Amino acid sequence: MRFEKEKDIERENKAIEAFLKPFNGTFDKLGCNDIDFKIYDSKNNLLAFVEVKGRLRNMANAFPLPISVKKLIKLIDKKINPIVIWACYDGIIFAEVKDLKGELRIGGRKPRNGSSNDIELMAYFEKEFNGIKNKIKFIKY
């Protein structure tokens, strides 16, 4: 069962457009069972694959940054510069997966009827993990 609503798609599009704006990149939306986007530079060269996660809070209160381990595996299997973007109310937080260090634990969201993935193995990222700063970047809307 798909739970993505129109407002979720709008949030994803706003986030990817903010991410691409500094270098005039473009994107292709991938299928519903894939990660979210392929992104290209201004000359249409493939740059990366991107997953956008909705984070229903402001950037200042967004940590720890969660993502499903299944989604991370799907993203890194693409092999070309996997990037995660967390779309907050006031901007985006993003990082290349290779630059993230965090914690794995069972988590997720309150279970919904018809969902089998609400409670699962999750990765959580702070600004710093075991004294090492994550290479996390921010763009305000």
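A residue is termed buried when its relative accessible area is under 20%, exposed when over 50%, and partly exposed in between, with a 1.4 Å probe and protein chains only. The structure is a predicted model, in which local features need pLDDT of at least 70, side-chain atom pairs count only at pLDDT 80 or more, and totals for chains, interfaces and linings use all residues. Residues are numbered from 1 along each chain as its sequence is written, and side-chain values use heavy atoms, with hydrogens and water left out.

Ser68 counts as buried because its relative accessibility is 11%. Its contacts (heavy atoms within 4.5 Å) include Glu120, Leu121 and Met122, when residues up to four places away in sequence are not counted. Ser68 also lies 6.1 Å from Ala123, C-alpha to C-alpha, although 55 residues separate the two in sequence.

In soluble globular proteins, nonpolar side chains tend to be buried together. A nonpolar core is here a set of buried Ala, Val, Leu, Ile, Met, Phe, Trp, Tyr and Cys residues joined through side-chain atoms within 4.5 Å. The largest such core has 21 residues, of which Leu65, Trp86, Ile93 and Phe125 touch the most other members. Two or more residues come from each of β4 (65-68), α2 (69-76), β5 (82-87), β6 and β8 (119-125), and α2 gives the most, with three. A second, separate core of 15 residues includes Phe19, Leu20, Ile39 and Ala48.

Ile93 touches, among others, Met59, Leu65, Trp86, Cys88 and Phe138, again leaving out residues up to four places away in sequence. Of the cysteines, Cys88 is buried because its relative accessible area is 3%, whereas Cys32, at 51%, is exposed. With a disulfide defined as a pair of cysteine sulfur atoms within 2.5 Å, the count comes to zero.

The second largest pocket is lined by 13 residues, with Phe19, Ile83, Phe94, Glu96 and Lys137 nearest its centre. A pocket is an open set of points on a 1 Å grid over the protein atoms alone, where a 1.4 Å probe fits, with protein on both sides within 12 Å along at least five of seven lines; lining residues have an atom within 4 Å of a point. β6 gives the most to this lining, with three residues.

Methods. Helices (H or I, at least four residues) and strands (E, at least two) are DSSP runs, numbered from the N terminus.
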